[in-house]
Amino acid sequence: MPPDAGLRVRFWGTRGSIPVSMTSAEIRRKLIATLVRAAGRAVDTPEKAASFLEREIDFAVSHTFGGNSSCVQIATGSTDYVLCDLGSGARVFGNDVLAARGSGDHTFHVFMSHVHWDHIMGFPFFLPIYTPTNHIRIYGCHAELEDAFRRQHAAPFFPVDFSGLSARIEFVRLEPGREYEVAGLSVKAKLQRHGGDSYGYRFQRAGRVVVYSTDAEHKQDDLGEVQGFVEFFRDADLVIFDSQYSLAEATSIKEDWGHSSNIVGLELCQRAHAKRLCLYHHEPLSDDHKIAALLAETRRLEEITRGDRRVEILAAYDGMEIAL
Amino acid sequence: MDVTPKRYADTIVLATAGRIDHATSEGFKTALAPHLARCTAGQDRILIDLAGVEYISSVGLRVLMLASKQAKAQGGTIGVAALQPNVKEIFDITRFTMVLNVFPSVREGLAQISPPALAAFDAT
């Protein structure tokens, strides 16, 4: 990708709180639904079958949103890699880098929303940490950033101590609200409401803006706080947003649990004139049908509440790529 | 934002209109407050008539949630009624239909909340 090209965002892990995997019963239900729909149809070659799946079978049946926990890549055209969070999706990302470009001589810049377990658990299985010629810079605003990663590797939690990792690993403390230049991106962090705090990141390059805002609860009656997020999301091409709960849950039984809803994400994006809202950090209890329904409902809500600008609504899935 | 109260026996029907959003929700909350204070066991029941409301945002829904929590804590009864189709869809999508008492019309709400109030409503 040439340096002046746009950004590409790739999702390696999209699930909130804990990784999940499909059960054999769910796979069987998908196969049965597909086979019934395919009855009498000419799907006797891989090409015809693929075309049939693409055109006639709902995404929630023919695919899966996936189950790895938070990890998002922002491809900038630089040879350096830029990531947000190191949930279990980081394992898949690391394997992909190794397969495509070999095991060594890579530089990774990782921006951490916070250090809760689902956001760091992929690190011990992120194979680039075991190659001496790799350089990994981990950025974050938490004072305990480095300590959290070290403790995860300490006995009895993991057999390889942090001191045994052969890559060059650095921790870089950021100040919220200050602008930094990293790997050709302008980056700014913002404090978010979450147990132990979390931080969102606004990335900007060549007129394109991506906001990564996960593990954040929004108190909609705190008008100053709301306006702060409207400005943080202002004119973004893409807002990746924690929509783990329904609004009713987030304002009742799960109030102060530190997560938000599709509704609040949409309202903030509408007020900020953001172009796309990507639902993210999916509830682990939700199966593919439930996430697809959440997407359809959010699109409908956008339709009935639209002012003079449309917000495109997406639901992140493991492997999804968005070109900006 | 104004609410217009109308009494039917032991129930106050509070009618409001327009948009309940970040610009108006605080006024809506303030207007509800004196009625909520009397929404206790043995005192007034409240039914909020949303027939004139064309839009409600998350902050407006939060006002309703807080009102419901307060009423429940006081042993009172509260519900909302007569949602326009778009507002009903917002309630469905946000799952507020699962946490608030939502009735298709004021009459049906009164029937559930208070038979004496229904009789008074039918007599008017």
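Two strands count as paired if DSSP finds at least two bridges between them. The model treated in these exercises is predicted.

**Exercise 1.** Determine in which sense β12(A) and β13(A) pair, and over how many bridges.

*Solution.* Strand β12 of chain A covers residues 276-280. Between this strand and β13(A) there are four bridges, and the sense is parallel. Within the pair, A:L279 lies opposite A:A315 of β13(A).

**Exercise 2.** Explain why β7 and β13 of chain A each have one side without a neighbour in the sheet.

*Solution.* Begin with the strand order of the open sheet, which is β7-β8-β9-β10-β11-β12-β13 in chain A, seven strands with mixed pairing. β7 (179-182) and β13 (312-315) stand at the edges and have a single partner strand each, so one side of each remains without a neighbour. On average, neighbouring strands are turned by 20° against each other, direction ignored.

**Exercise 3.** Describe how α9(A) packs on the sheet and how this helix crosses α10(A).

*Solution.* First, α9 (residues 262-272) touches β11 (238-242) and β12 of chain A, and its direction makes about 160° with that of β12(A). Next, the axes of α9(A) and α10(A) (residues 288-305) come within 10 Å and cross at roughly 35°. The crossing is right-handed. Finally, α9(A) contributes A:N262, A:I263 and A:L266 to the contact, while α10(A) contributes A:L294, A:T298, A:L301 and A:E302. By class, these are four nonpolar, two polar and one charged.

**Exercise 4.** State how many residues each chain gives to the contact between chains A and B.

*Solution.* Chain B gives 17 residues and chain A gives 18. On the side of chain B, α2 (58-73) and α3 (85-94) are the elements that give two or more residues.

Notes: Residues numbered from 1 in each chain as written. Chains lettered and ligands numbered in written order. Predicted model: local features only at pLDDT ≥ 70, side-chain atom pairs only at ≥ 80, totals over all residues. Contact = placed C-beta atoms within 7 Å. Axes fitted to C-alpha atoms, helices over the stretch in contact; angles between N-to-C directions. Left-handed = near helix turned anticlockwise from the far one by under 90°. Nonpolar A, V, L, I, M, F, W, Y, C, P; charged D, E, K, R; others polar.
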